[in-house]
Amino acid sequence: MMRALLIPLLLSVFLPLAALEIPLDDPRLEYAGFVSKTFVEGPRRNQRMVFSRLIPHRNHLEHDNPGGRIRFKTDSRSIRIKVRYNGLHHPDVPMESTGIFLIDGEFKPENTFTVDNRKRTRYFRRDLSFRIPADGTMHEYEVILPSGDSVELLGVTVSDRAKFGTPKPLGKRIVLYGDSIAQGGVLQPVQNSFPYLLGRAGNWELVNVAMPETLLTPWHAEFLAPLKMDLLLVMTGTHDWKSGTTLPVFKKNLERFFQTFRSRQPETPVVLVTPLKGGSATAPYREAIRAFGEANGMRVIDGTTLLPSDTFFSRDKINPNASGAAELAEKLSKLLFPSGS
């Protein structure tokens, strides 16, 4: 029987004896950036909220929910958040799994939680403490899940007389589909990743469905089409080129993918971003995306204009580094919604 990794996030100096445990399906808790969430009911203190991105992946990355958020607003003087690293994510993928905690939208370097890769096992245990305001007034809190591990929410406990409010609403809901470039790379803490920075740029709800080594796959649209969204952002073509997908097959996959998507969402805006790297190797794929978008009324952004310098790329010359992720998020945010809305 698989053992579980339990990491309590203690968001105060101490937890008073009198405490109130909030049910995980309580409307006072807002969940954002998730494809799917399932409330697993059980005896007291044994409930859990399980998250999934649904699309199967050979490294089980469907269980990883990078940037998923648990949001709430309260005047509690103490907060206890319990999460569990459940081991469903592939244990040999060397990602730097770092999540963060925001207070009133602000991040401080000490408000992180992570798994030490030098001791990376399914069962690594650690307790973490964060200091929160103790002024008795309303503050907004957000737990941002890391990239690289499968994490469940087990509990939210506050002071017994705590009052709750409603967090400020997020803006447009953007679903992001693609390969490792869109996913945010594999070695960056979530606060430095391109998807997190893109969402933060416009206070958008970013649903990150991108995964490394993902080809543009027509049946993936069956998972995406039912999702509520204001925009579908597709960043593809690079891994298709690297993996040897022929151009005719890639073009056919584009057609079949959007046939499925449009059958459920005929009016949802779509933005296609071509591969970021220039050169003759990716040129046919960039042109195929441009031509398809033009023929089907979809906006196409030339990826080669977003990161014009090699200094923005990591050692593999394909994925952006931390500077590249910030540059990519800034430029894309301005292109997607110039007014900022």
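**Close-up views of a predicted model**

View 1. At 3% relative accessibility, Ser76 counts as buried, because buried means under 20% relative accessible area, exposed over 50% and partly exposed in between, with a 1.4 Å probe and protein chains only. This is a predicted model, in which local features need pLDDT of at least 70, side-chain atom pairs count only at pLDDT 80 or more, and totals for chains, interfaces and linings use all residues. Residues are numbered from 1 along each chain as its sequence is written, and side-chain values use heavy atoms, with hydrogens and water left out. You will find Ser76 in the loop between S6 and strand S7 (79–85); helices (H or I, at least four residues) and strands (E, at least two) are DSSP runs numbered from the N terminus. A polar atom of the Ser76 side chain lies 2.9 Å from the backbone nitrogen of Ser159. Neighbours within four places in sequence aside, Ser76 is in contact (heavy atoms within 4.5 Å) with Ile132, Pro133, Tyr141, Val158, Ser159 and Ala162.

View 2. On a 1 Å grid over the protein atoms alone, a pocket is an open set of points where a 1.4 Å probe fits, with protein on both sides within 12 Å along at least five of seven lines, and lining residues have an atom within 4 Å of a point. Of the 13 lining residues, Arg71, Gly105, Glu142, Leu170 and Asn203 lie nearest the centre of the largest pocket. Strand S6 (69–74), strand S11 (139–144) and helix H2 (194–202) each give two or more residues to the lining.

**View 3. Phe39 in strand S4.** Look for Phe39 in strand S4 (residues 36–40), where Phe39 is partly exposed with a relative accessible area of 24%. Not counting residues up to four places away in sequence, Phe39 touches Leu24, Asp25, Gln47, Arg48 and Met49. From C-alpha to C-alpha, Phe39 and Pro23 are 9.8 Å apart in space, and 16 residues apart in sequence.

View 4. Leu54, a residue other than glycine, has a positive phi near 75°. Leu54 sits in the loop between strand S5 (48–52) and S6, and is partly exposed at 36% relative accessible area. Lys317 is not a glycine either, yet has a positive phi of about 65°. The loop that holds Lys317 runs between strand S18 (299–301) and helix H7 (322–336), and Lys317 counts as partly exposed at 47% relative accessibility.

Terms used: Polar contact = N/O pair within 3.5 Å; in protein donor to acceptor, adjacent residues only side chain to side chain.
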